[in-house]
Amino acid sequence: MNIDTSERQQPWPQRSLLFVVIVLLAIAAVIVLATAPFATLIGPSAYALSGALHGMFAFLLMVVVTIGLYVAWSLFVGRLKAFSDLQLITVMATLAFLTIVFGNWVYIAYRANTPDSPRSYFLAKMPDVHKVFFEFKEYVALFTLPLSVAAAYIVWRYGKQILERDWTRTAVAILVALHFFYFVMAFGLGAAVTKLKAV
């Protein structure tokens, strides 16, 4: 009896990659938690946990959006052959959502009507930091979510056909590039403001 093995499924390569990433994150977490007390790691503020989560999701989004920009460029020039690579855009949209949610949570402390809040501090000592840097950063960051959701919608709506249609390839590439641009601006300004006065 002959068994046709030509159609045998190959192991999913992303499973191996996912396993490696999970193991590396677990090792990093054990090392960090074993060498730094949790309260010291996130800080003494009442908003320390939300700030730590905001920073973590922003950092993960930085990694994912950088890879996404390369994938978008490959898609734009017609060199992307694997549709599965475009699923990264859904991860971008999810991380953008989580970063914004926790960022808005931290923003409550930033805008608190108390003399020691970052907003009060900047308005008293460096008003341009609040008016230009933070207000601009706050709204620029919000653009990342609709851009990545729109790109993810096009990917899921058209499926593998996206690889053959010029307009879908171009639209997704532009949306991802704009997401990268707005995110990097918000990331840099947010880090700068935090260094000047943390919540």
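Tutor: Start with helix length. The expected span of a helix is 1.5 Å times one less than its number of residues. Keep in mind that this is a predicted model.

Student: How do you know that α3 has the span expected of a helix of 29 residues?

Tutor: Set the two values side by side. From its first C-alpha to its last, α3 reaches 41 Å. The expected value is 42 Å, and the span is close to it. After α3 comes G78, with a positive phi near 80°.

Student: What is the secondary structure of the protein as a whole?

Tutor: Eight helices and zero strands. Along the sequence the pattern reads α-α-α-α-α-α-α-α.

Student: Why is S74 called buried?

Tutor: Buried means under 20% relative accessible area. S74 has 9%, so S74 is buried. S74 lies in helix α3. The buried residues of α3 also include F57, A58 and L61. Setting aside residues up to four places away in sequence, S74 touches R79 and L80.

Student: Why does T99 count as buried?

Tutor: Its relative accessibility is 8%. The cut-off is under 20%, so T99 counts as buried. T99 sits in helix α4. Leaving aside neighbours within four places in sequence, T99 is in contact with H54, F57, A58 and L61. Across the protein, 31% of the 199 residues count as buried.

Student: What makes a group of residues a nonpolar core?

Tutor: The residues must be buried, of the listed nonpolar kinds, and joined through side-chain atoms within 4.5 Å. The largest such core here has 27 residues. Those with the most contacts inside it are L86, I89, V155, I162, V172 and V176. The elements giving two or more residues to this core are α3, α4, α7 and α8. The largest share, seven residues, comes from α3. A second, separate core has six residues, among them Y110, F122, F134 and V193.

Student: Which residues is V172 in contact with, leaving aside its neighbours within four places in sequence?

Tutor: L75, I89, A151, I154, V155 and I162. Now take the whole protein, and contacts with a separation of 6 or more. Residues 24 or more positions apart account for 74% of them.

Student: What makes R169 and D166 a salt bridge?

Tutor: The distance decides. A side-chain nitrogen of Lys or Arg must be within 4 Å of a carboxyl oxygen of Asp or Glu. The closest N and O atoms of R169 and D166 are 3.1 Å apart, so the pair forms a salt bridge. The structure holds one salt bridge. Both residues lie in helix α8, three residues apart, about one turn of the helix.

Student: Are R169 and D166 buried or exposed?

Tutor: R169 has a relative accessible area of 15%. That is under 20%, so R169 is buried. D166 has 53%. Exposed means over 50%, so D166 is exposed.

Student: Which residues form a nonpolar patch on the surface?

Tutor: F19, V20, V23, L24, I27 and I31. Together they have about 560 Å² of accessible area. I31 is found in helix α1. The protein exposes about 12,700 Å², and carbon and sulfur atoms supply 69% of it.

Methods: Residues are numbered from 1 along each chain as its sequence is written. This is a predicted model: local features need pLDDT of at least 70, side-chain atom pairs count only at pLDDT 80 or more; totals for chains, interfaces and linings use all residues. Side-chain values use heavy atoms; hydrogens and water are left out. Buried means under 20% relative accessible area, exposed over 50%, partly exposed in between (1.4 Å probe, protein chains only). Helices (H or I, at least four residues) and strands (E, at least two) are DSSP runs, numbered from the N terminus. Contact means heavy atoms within 4.5 Å. Accessible areas come from the Shrake-Rupley method with a 1.4 Å probe; for residues, only the protein chains shown count as cover. Patches are made of residues with over 30% relative accessible area and no salt bridge: like charges are joined within 9 Å, nonpolar side chains (Val, Leu, Ile, Met, Phe, Trp, Tyr) within 5 Å.
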